[in-house]
Amino acid sequence: MPLSDRYLTICRDPDSEEVLARDGDLEAHSILQRAGFVPVHRLHETYHRALTGLPRDEETGLATEAVARLRAAGYHVDCDADFDTSRRPILFQTLGESVADLAERLREVTTTDEAAGILTELVAPGDGILDAVGQVLTAAAEFHDGLGTDSAPYTARRLRYLAEETLRLIATDLVHTRNDLADQHAPHPGRTKCTREVPAGERERSAVCACPPPPRALPVPPPPVAAGPRR
C-alpha cells in the first residue's frame, strides 16, 4: 500500500469554515464515514466533510473522534490543533469485514462442497446474509414512509424495489449456483492439495509430487514491423 494512502489531513477550511478530511484509502474513508463524515465526489477529487448544520463544538468533537480512530488504525493524520487528541480507541471488526471473510475462505477452499457451504451463508432462508440485507432495506423504506419530506415516498418505493426485485434476482441466481455446486461433490482441479507423494509409474526421477506441471507460456510474437516506403 502506498505510504501516501496512510496520510490524511483534517482541517477547517479557512474560506468556507467547513471541516474537511482529505486523502486516505478505502479503509480510511470507511473510518471517516463511521465517525460521521460525508463523502463528496468531485471530478478531480474525493474528500469528506462534517455533517451540515452542526454547532461548532459538535463539529470539533466529530473531527477529534475521526482523528482518534484513524490514528488508532495506524494512519498519520495532520489536523488542526482543536482536533488533536492522544486518545486511541479500540477498533473492532466491522460487519462488512466479517462478511468479506467469506470471500477469503472461498479463495482457499478446494472442493465444491466447501464452496457451497460458504454460499449457503449468503442464501440461507430466514437468516442468510441476503435475507438480512433485504430486511434492512425494508426497514429503511418503512422509516421513509413517515419522514414527511418531498423525496421520502420515492425513496421508500425505490428501497422496496431493491429489496423485492433486485435482491430477489440476485438471491435466485446465487441459490442456483449454490445448489449446482452442492450436487457436484468434486474437488476443484486447480486447487487440489499436494500430498507430496510420487506415483510408482512416474517417469521423471526428480519429481517430488504428483501435481501436474504448470501450463507452458507461449512466446509473445514481436509486433509487426511497418513496411517502408516503396521505391
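These legends describe close-up views of a predicted model.

**View 1**

**View 1. The pairing of β1 with β2.**
Strand β1 covers residues 7–12, and strand β2 covers residues 19–22. The two pair in the antiparallel sense. Their pairing runs over 4 bridges. Which residue of β2 is the bridge partner of R12? The partner is V19.

**View 2. The hairpin of β3 and β4.**
β3 and β4 form a hairpin. Between the two strands lie 4 residues. Strand β4 spans residues 46–49 and pairs with β3 in the antiparallel sense. This pairing also counts 4 bridges. V40 stands opposite Y47, a residue of β4.

**View 3. A21 inside the sheet.**
A21 sits in strand β2. Is A21 buried or exposed? Its relative accessibility is 1%, so A21 counts as buried. The cut-off for buried is under 20% relative accessible area. Leaving aside neighbours within four places in sequence, A21 is in contact with T9, I10, L32, F37, Y47 and H48. In sequence, A21 and P222 are 201 residues apart. In space, 48 Å separates the two, C-alpha to C-alpha.

D23 lies in the loop between β2 and α1 (26–35). Its phi is positive, about 75 degrees, although D23 is not a glycine. How does its accessibility class come about? At 43% relative accessibility, D23 counts as partly exposed. That class lies between the buried limit of under 20% and the exposed limit of over 50%.

**View 4. The packing of α1 on α2.**
Two packed helices are described by the angle between their axes and the distance between the axes. For α1 and α2, the angle is about 145 degrees. Their axes are 9 Å apart. The crossing of α1 past α2 is right-handed. From α1, the contact takes A28, I31, L32, R34 and A35. From α2, L62, A66, R69 and L70 take part. By class, these residues divide into 7 nonpolar, no polar and 2 charged.

**View 5. The packing of α3 on α4.**
Helix α3 holds residues 95–106. It packs with α4 at an angle of about 165 degrees, and the axes are 10 Å apart. Therefore α3 is roughly antiparallel to α4. Angles over 145 degrees count as roughly antiparallel. The crossing of α3 and α4 is left-handed. L102, R105 and L106 of α3 make the contact with A115, I118, L119 and E121 of α4. These residues divide into 5 nonpolar, no polar and 2 charged.

**View 6. The packing of α4 on α6.**
Helix α4 runs over residues 112–123, and helix α6 over residues 152–184. Their axes come within 8 Å and cross at roughly 155 degrees. The two helices are therefore roughly antiparallel to each other. Their crossing is left-handed. On α4, the residues that meet α6 are T112, D113, A115, A116, L119, T120, L122 and V123. On α6, the partners are A171, L174, V175, T177, R178, L181, A182 and Q184. By class, the contact has 10 nonpolar, 4 polar and 2 charged residues. A115 and L119 of α4 also belong to the contact with α3.

**View 7. H185, after α6.**
H185 is placed in the segment after α6. Its phi is positive, about 50 degrees, yet H185 is not a glycine. Is H185 buried or exposed? Its relative accessibility is 58%, so H185 counts as exposed.

Key:
Residues are numbered from 1 along each chain as its sequence is written. This is a predicted model: local features need pLDDT of at least 70, side-chain atom pairs count only at pLDDT 80 or more; totals for chains, interfaces and linings use all residues. Side-chain values use heavy atoms; hydrogens and water are left out. Axes are lines fitted to C-alpha atoms, for helices over the stretch in contact, and angles run from 0 to 180 degrees between N-to-C directions. Angles under 35 degrees count as roughly parallel, over 145 as roughly antiparallel, 65 to 115 as roughly perpendicular and the rest as oblique. A crossing is left-handed if the near helix is turned anticlockwise from the far one by less than a right angle, and right-handed if clockwise. Contact means heavy atoms within 4.5 Å. Ala, Val, Leu, Ile, Met, Phe, Trp, Tyr, Cys and Pro count as nonpolar, Asp, Glu, Lys and Arg as charged, and the others, Gly among them, as polar. Two strands pair if DSSP finds at least two bridges between them. Buried means under 20% relative accessible area, exposed over 50%, partly exposed in between (1.4 Å probe, protein chains only).
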